[in-house]
Amino acid sequence: MWYKREHIRVIDGEYTAQAYITTDQDDNQITAFHPGAMNFAHENRIADADGCTIGLVSPDGRQGMIEHAEQFADADIPFVFDPGQGMLMFDGDNLMRFAEQATWLAFNDYEAKLMEERTGKTPRQLAEMVEAVIVTRGGEGSNIYTRGKHYVIPAAPVSSLEDPAGCGDAYRAGLLYGLMNDMDWETTGRIAALMGAIKIEQAGTQNHSFSRDDVEARFEQAFGFSFV
Ligand SMILES: Nc1ncnc2c1ncn2[C@@H]1O[C@H](COP(=O)(O)OP(=O)(O)OP(=O)(O)O)[C@@H](O)[C@H]1O
Ligand SMILES: [Mg+2]
């Protein structure tokens, strides 16, 4: 297993960002959030991370998101723009700027609608600007739009529905894995979907775990082909 825990900055006198999320079985959420040290995210610079080949700009301090996207673009490092709850901090012009800089865009269905309201662009139209737009739809699966192509990715079967919070991030782990291993969209989307399915069977956002063998076997069982 490969872990890297460098570039973690301690901001004296600030709490770690804290979120309290209440979610019901229909995926309705109420969030209470304190950003704390997250507001200093821009003090971390992409150039400090040697050998970085792919990035993800997800909810963070506003200035951090803007500067990290700029730094990835300047360094020609492809990145996923994944604004999540951070979307509300940006207007249509800000969001279009991110879309110009990013290589991929990732949203859930609600965020994709908000993106459309603010920029006037549907996922299909945004897919003309980037390599792919990924829109997740909870238990309905996900849609991946590339220029002129639309992949419908089913959800993976689940044994129980414990807690949907964190499925979005679990899906993104699979997405990054597929991108880093040059996999096609049909396969990448399904690995991502399986990560979401494994997550939803556990309470809490990061309490699930699995082995590579489990994932390979479960993938084949769910989708009828092997990704290895
Ligand atoms: N009920 C479910 N059954 C099977 N898979 C699911 C279910 N809910 C979510 N998933 C998987 O996880 C992916 C991401 O879920 P979702 O669209 O709910 O993300 P999100 O709204 O960003 O979640 P989060 O609460 O983590 O922000 C889905 O596209 C799907 O593949
Ligand atoms: Mg989400």
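This passage describes the fold of a predicted model, the surroundings of its ligand, and several individual residues.

The model is predicted, so local features need pLDDT of at least 70 and side-chain atom pairs count only at pLDDT 80 or more, whereas totals for chains, interfaces and linings use all residues. Residues are numbered from 1 along each chain as its sequence is written, chains are lettered from A and ligands numbered from 1 in the order in which they are written, and side-chain values use heavy atoms, with hydrogens and water left out.

The chain holds seven helices and eight strands. Helices (H or I, at least four residues) and strands (E, at least two) are DSSP runs, numbered from the N terminus. Along the principal axes, the C-alpha atoms of the chain fill a box of roughly 45 × 40 × 35 Å. The radius of gyration of the chain is 17 Å, which agrees with the value near 17 Å for a compact globule of 228 residues. This radius is taken over C-alpha atoms, and the globule rule is 2.2 Å times the number of residues to the power 0.38. Of the 228 residues in the chain, 41% are buried. Buried means under 20% relative accessible area, exposed over 50%, and partly exposed in between (1.4 Å probe, protein chains only).

Ligand 1 is surrounded by 22 residues, and the closest are Asn108, Thr136, Gly138, Gly166 and Gly168. A residue is near a molecule if one of its heavy atoms lies within 4 Å of it. The shell around ligand 1 divides into 10 nonpolar, 10 polar and two charged residues. In this division Ala, Val, Leu, Ile, Met, Phe, Trp, Tyr, Cys and Pro count as nonpolar, Asp, Glu, Lys and Arg as charged, and the others, Gly among them, as polar. Domain 1 (18-136) and domain 2 (154-228) each give at least three residues to the shell around ligand 1; the domain bounds come from an automatic or database domain assignment. Helix H5 (167-180) and helix H6 (185-200) each supply at least two residues of this shell.

Polar contacts to ligand 1 involve both side-chain and backbone atoms of the protein. A polar contact is a pair of N or O atoms within 3.5 Å; within protein, one must be able to donate a hydrogen and the other to accept it, and residues adjacent in sequence count only if both atoms are side-chain atoms. The side chain of Gln29 places an N or O atom 3.0 Å from an oxygen atom of ligand 1. A nitrogen atom of ligand 1 is 3.4 Å from a backbone N or O atom of Gly139. A polar backbone atom of Gly168 lies 2.8 Å from an oxygen atom of ligand 1. On its own, ligand 1 has 630 Å² of accessible area, and the protein covers 88% of this area. Accessible areas come from the Shrake-Rupley method with a 1.4 Å probe; for residues, only the protein chains shown count as cover.

Helix H6 contains Leu194, which is buried because its relative accessible area is 1%. Leu194 and Ala155 are 39 residues apart along the chain, and their C-alpha atoms are separated by 7.3 Å. Ile153 belongs to strand S8 (residues 149-153) and is buried, with a relative accessible area of 0%. From Ile153 to Thr187 the C-alpha distance is 9.1 Å, at a sequence separation of 34 residues.

Thr119 is part of helix H3 (residues 109-119) and is buried at 18% relative accessible area. The side chain of Thr119 reaches the backbone oxygen of Met115 at 2.7 Å. A polar atom of the Thr119 side chain also lies 3.1 Å from the backbone nitrogen of Lys121.

Two residues other than glycine have a positive phi. His7, in the segment before strand S1 (18-23), has a phi of about 65 degrees. The relative accessible area of His7 is 44%, so this residue is partly exposed. Asp182, in the loop between H5 and H6, has a phi near 50 degrees and counts as exposed at 72% relative accessibility.

Ser211 occupies the loop between H6 and helix H7 (212-223) and counts as partly exposed, at 31% relative accessibility. Ser211 and Ala112 are 99 residues apart along the chain, and 32 Å separates their C-alpha atoms.
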